[in-house]
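Welcome! Please take a moment to look over the sequence and the fold before reading on.

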Amino acid sequence: MNTQSSTPRFILVTGATGQQGGAVARALLERGHRVRGLTRNTDSQSARQLAAIGAEIVEGDFSNRDTLAAAASGVDSIFLMTTPFESGVGEETKQGLMMTDVAREAGVGHLVFSSVASADQNTGIPHFDSKYEVEKAIVASGIPYTIVAPVFFMENIMAPWTLDSMKEGKMALAMPGDVPLQHVATQSIGEFVRALIEQRDDVFGRRFDIASDELDGQTAAAIISSDAGKPIVYEGFPPAYLREQSEDFAIMFEWFDSVGYSVNVEELKAKFPDVTWPSFAQWSSQQDWNAAGL
């Protein structure tokens, strides 16, 4: 699918200072689109960095509908992402429903919602199900929409809950080391969303699960060990150990082990050849593991 478009768009990017929203904003700006980035803190380092490359940064909060309406005014596209990790899955669904209503009232021509791969497969994972509730509301709203549904982020390996254990020489995750898991880099998500926005007429009403690689934990640990120049061994542990901290994550890792994502990676790459789809090894080679503390 040709992802080029000569029509500049004006896009509201929610979560613009986060990993995913930031990747979307940067990808859009690189192609000359106008970006309005929504954030709770316009003075953060991430907000200032986006402003420096051309984004319009506005303050807003999902708890304040008026700020959302003001941010949506005049844009022709919205990238919407929600999160359950601050206020819970119920609040995440409310956020998505509110922004959908705001988008409809503003007459926005294209709403791109970031869900999660397999959220439409009745997984029973709470934060998958909460995103699917938003998906259903968007479909029912009548707004021209597209759903992008990424798998496990490569950048999750850089999160404190994984990185801290790697500093001690082990990659600890709640699944066996020989079970493959599909991954995607946030760079790919950003470029893919840009492709959807540029090709809006071709993707209205469609849902895309996206991934760029599949590998098991032992292989991932070996790749990082080589790139970081430090021995790192994979250490799997039962998901039940997560239950005290997060029932949601425990269920998710059980599902990773028993079912897992099922994106047709090669077909996706063929349909969107202009998107950068790094393998895990390519992604890892681009990371500064020494700066990360390894």
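The paragraphs below visit a helix pair, a sheet and a single residue.

This is a predicted model, where local features need pLDDT of at least 70 and side-chain atom pairs count only at pLDDT 80 or more, while totals for chains, interfaces and linings use all residues. Residues are numbered from 1 along each chain as its sequence is written, and side-chain values use heavy atoms, with hydrogens and water left out.

Let us begin with the helices. Helix α3 (residues 65–72) packs against helix α4 (residues 89–106) at an angle of about 45°, and their axes are 9 Å apart. Helices (H or I, at least four residues) and strands (E, at least two) are DSSP runs, numbered from the N terminus. Because angles under 35 degrees count as roughly parallel, over 145 as roughly antiparallel, 65 to 115 as roughly perpendicular and the rest as oblique, α3 and α4 are oblique to each other. Where they touch (contact means heavy atoms within 4.5 Å), Arg-65, Leu-68, Ala-69 and Ala-72 of α3 meet residues of α4 including Met-98, Asp-101 and Glu-105.

Next comes the sheet. Its 3 strands form an open, mixed arrangement in the order β7-β9-β11; two strands pair if DSSP finds at least two bridges between them. At the edges lie β7 (152–153) and β11 (213–216), each pairing on one side only. Strand β7 runs parallel to β9 (residues 180–184), joined by 2 bridges, and Phe-153 stands opposite Val-184 in β9.

Finally, find Thr-39 in strand β2 (residues 34–39). Is Thr-39 buried or exposed? Thr-39 is buried, because its relative accessible area is 7%; buried means under 20%, exposed over 50%, and partly exposed in between, using a 1.4 Å probe and protein chains only. Leaving aside residues up to four places away in sequence, Thr-39 touches Thr-17, Ala-47, Ile-57, Val-58, Glu-59 and Gly-60.

Technical notes
Axes fitted to C-alpha atoms, helices over the stretch in contact; angles between N-to-C directions.
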